[in-house]
Amino acid sequence: MRDEYDIENLNPRKNPYAKKLKQQVTININVTTINYFKEMAEETGIPYQTLINLCLADYVAQGKKIEIAWE
């Protein structure tokens, strides 16, 4: 083995999946919403966090805007 390695030149290729990486965040979601996605997860066999991500990704892909009406 070498005493030192040139790490930067070991793998000069960029990660082709870098744009698809996920970022962990902490958000507060009401219990009703979480329960809804957990029920869907049981029906579909897809983890509820993945379902939430899919819903949000679809919302973004369609360019939807949030409509808020305070009453």
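Buried means under 20% relative accessible area, exposed means over 50%, and partly exposed lies in between (1.4 Å probe, protein chains only). These legends describe a predicted model, where local features need pLDDT of at least 70, side-chain atom pairs count only at pLDDT 80 or more, and totals for chains, interfaces and linings use all residues. Residues are numbered from 1 along each chain as its sequence is written, and side-chain values use heavy atoms, with hydrogens and water left out.

**View 1. Y36 and F37 make an aromatic pair**. The structure holds 1 aromatic pair (ring centres of Phe, Tyr or the six-membered ring of Trp within 6.5 Å). Here the rings of Y36 and F37 sit 5.3 Å apart, centre to centre, with 85° between their planes. That makes the pair edge-to-face, a label for planes over 60 degrees apart, while under 30 counts as stacked and the rest as tilted. F37 is buried, at 10% relative accessibility, whereas Y36 comes out partly exposed at 47%.

**View 2. K38 lies over the face of Y48**. The distance to the ring centre is 5.2 Å. To count, NZ of Lys or CZ of Arg must be within 6 Å of the ring centre and within 35 degrees of the ring normal.

**View 3. Helix α3 covers residues 48–61**. Helices are DSSP runs (H or I, at least four residues), and strands are E runs of at least two, numbered from the N terminus. With 14 residues, α3 reaches 20 Å from its first C-alpha to its last, close to the 20 Å expected (1.5 Å times one less than the number of residues). After α3 comes G63, with a positive phi near 65°.
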